[in-house]
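Hi,

Here is the structure I promised to pass on. Have a look at it first, and then read on for what turned up.

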Amino acid sequence: HWFLRRCEAIVKTWDRMTETSVSNMSLDLLLEAKKDGYSDCQIAEAVEASEDDVRAKRVGAGIIPFTKQIDTLAAEFPADTNYLYMTYHASENDVEPADGGI
C-alpha cells in the first residue's frame, strides 16, 4: 500500500509539472520534483523547456543537493570510508566538499 501511494504521489507531481511552464513553476513544485527523484532533464520535458533553463532556475533558487553519509561499520569501529550519497531531503552537508568535489 505504501509503495503504491508513493508512486501515485510521483505521478501527481508529473501531472502538476505538465500544467505549468518553467518560468511559472513554483519553487515548491521544483523542490518537490527533485525530492521525488526527477532529473532536470525530466522536469524540462514536463514543462517543455530546456534542461539548462530548469537547472538555472533550480540553482538560482538555491535548490541543490546535500551530501550525506552512512557509517558502514555502524559506529562499531572508526570507519575510514563511509558511504556518501546526494539528496534533496536535507538542509546541510555531513561532509564538506574538498578540492572541488566530495
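A word on terms first: a residue is buried when its relative accessible area is under 20%, exposed when over 50%, and partly exposed in between (1.4 Å probe, protein chains only). This is a predicted model, so local features need pLDDT of at least 70 and side-chain atom pairs count only at pLDDT 80 or more, while totals for chains, interfaces and linings use all residues. Numbering starts from 1 along each chain as its sequence is written, and side-chain values use heavy atoms, without hydrogens and water.

Asp 40 is buried, with a relative accessible area of 5%. Asp 40 sits in helix α3 (helices are DSSP runs of H or I, at least four residues, numbered from the N terminus). Leaving out residues up to four places away in sequence, Asp 40 touches Lys 34, Glu 51, Val 54, Arg 55 and Arg 58 (contact means heavy atoms within 4.5 Å).

Next, the largest nonpolar core: 14 residues, where a core is a set of buried Ala, Val, Leu, Ile, Met, Phe, Trp, Tyr and Cys residues joined through side-chain atoms within 4.5 Å. Two or more residues each come from α2 (27-35) and α3 (40-47), and α3 gives the largest share, 4 residues. Ile 43 is among those with the most contacts inside this core. Beyond its neighbours within four places in sequence, Ile 43 contacts Met 17, Met 25, Leu 30, Ala 33, Lys 34, Tyr 38 and Val 54.

Finally, Leu 27, Leu 30 and Lys 34 in α2 meet Val 54, Lys 57 and Arg 58 in α4.

Enjoy exploring!
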